[in-house]
Amino acid sequence: TPPPPSSRASRIARGIVGAVTVDVTAAVARDMTRRRRRDDAKGACARGADALLTTLRRLILRALRRGATPRHIAVIMDGNRRYARTRELRASRGHEAGAATLDALAAWSFELGADVLSVYALSTENFKRTREELEELFDLVCDRLEAMGESAAVREYEARVHVSGDLDALPKRVRDAARAVMRATWTHKGPMLNVCLGYTGREDIVRAIGDVRDGVKNGELRASDADERVVEACLHGCERFGDVSRCDEGRQCLTTATTWAVMPEVDLLVRTSGETRLSDYMLYNARFAALVFVNALWPEFTFMHMVYCVCKYQCAARELRRARASYARARDDGVDQEHVLSNAVAEVNIRDVEDKTIANASSSSLTTISPRAKSFIAMRLERITGKIFQVR
């Protein structure tokens, strides 16, 4: 008996569906194969382009190192919010883009040979922003500080991360994150990444002078020993330039001032976003710095912008070093400081000073201060270190 028409139609329909399914499956497989090959080709091209750019960057940095290179680079990272606003993004997205630029800049600066990279991350003036933006900014700061200790630049160059500023004015979670990354990188021997949070130049100077005043008041320091060198040793960041004498499995680290040098003065100060003001940043440290203002928002700052800044520094380096050396020699000879500072730049035409003499004279060291002052600096250092490591 022949099957009912409905059964034959069903078999035919199933056959057609099966054939179509096979054809569609084969077409999808072919398309996926073509896409995979195209993506592999794009990936190979991208990897080749990245390798070429990396080689070019290293060649450019090698060429720059043949000239004068800045030991201390300071950057005012300005323009994150404007970057987000022009792209109709939340302010936090602009700050995230700026944090990525900081990672790249740290690698470029350390590869160039800089000893210190200081970045103005958060001023006390920024506390006037809305509470919502501040909370998002503090959360981002915590995340970036936690990741900073494991970043590629810090690992590759064994960089020390330091957080400068009035940490007590920051939320507890930010203080904890700052102290954690400082503890994690305390014994590193490479360059220093100095992150300025809750920082102003005036607060830095007032704090240093206040510490010297308290030292004299408590009998730790004679008034006659309280000179410019001692004040320099009390500025933010100088506690990371002592010799580590004891470190107990990362829980306790104390240092002494037996071999001591203060943080190098700023050689190159860069501000982005086209603004031409210092915004109360590094007022004491940047007396003989080359100031370069870049007309680009911070997230848009590129390697070629950095090359431009370093070239601008190299054009002025010899005169700046001579002025700094002239000031240092006059200070060591006891000449009136105000007179020396006002005339230091005018003496840049001195031709009998060799580069080696300039470098030696301009290096900030505490080898000539009194033993009493060194003892005061060591005690102050132990107090600060104990606070970082919560030593009671």
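Helix 4 passes helix 6 in a left-handed crossing. This is a predicted model, and the account below starts with its helix pairs.

Two packed helices are described by the angle between their axes and the distance between the axes. For helix 4 (residues 131–148) and helix 6 (residues 172–184), the angle is about 15° and the axes lie 9 Å apart. Angles under 35 degrees count as roughly parallel, so helix 4 is roughly parallel to helix 6. On the helix 4 side, the contact is made by Glu135, Phe138, Asp139, Val141, Cys142, Leu145 and Met148. Helix 6 contributes Arg173, Val174, Ala177, Ala178 and Val181. Sorted by class, the residues of this contact are nine nonpolar, no polar and three charged.

The second pair is helix 3 (residues 91–112) and helix 9 (residues 303–332), which pack at an angle of about 40° with their axes 11 Å apart. Helix 3 and helix 9 are therefore oblique to each other. Their crossing is right-handed. Here Leu105, Trp108, Ser109 and Leu112 in helix 3 meet Phe303, Met306 and Val310 in helix 9. This contact has six nonpolar residues, one polar residue and no charged ones.

Ser123 belongs to strand 2, which covers residues 116–123. Is Ser123 buried or exposed? Its relative accessible area is 8%; buried means under 20%, so Ser123 is buried. The side chain of Ser123 makes a polar contact with the side chain of Tyr120, at 3.2 Å. If neighbours within four places in sequence are left aside, Ser123 is in contact with Tyr199 and Thr200.

Notes. Residues are numbered from 1 along each chain as its sequence is written. This is a predicted model: local features need pLDDT of at least 70, side-chain atom pairs count only at pLDDT 80 or more; totals for chains, interfaces and linings use all residues. Side-chain values use heavy atoms; hydrogens and water are left out. Helices (H or I, at least four residues) and strands (E, at least two) are DSSP runs, numbered from the N terminus. Buried means under 20% relative accessible area, exposed over 50%, partly exposed in between (1.4 Å probe, protein chains only). A polar contact is a pair of N or O atoms within 3.5 Å; within protein, one must be able to donate a hydrogen and the other to accept it, and residues adjacent in sequence count only if both atoms are side-chain atoms. Contact means heavy atoms within 4.5 Å. Axes are lines fitted to C-alpha atoms, for helices over the stretch in contact, and angles run from 0 to 180 degrees between N-to-C directions. Angles under 35 degrees count as roughly parallel, over 145 as roughly antiparallel, 65 to 115 as roughly perpendicular and the rest as oblique. A crossing is left-handed if the near helix is turned anticlockwise from the far one by less than a right angle, and right-handed if clockwise. Ala, Val, Leu, Ile, Met, Phe, Trp, Tyr, Cys and Pro count as nonpolar, Asp, Glu, Lys and Arg as charged, and the others, Gly among them, as polar.
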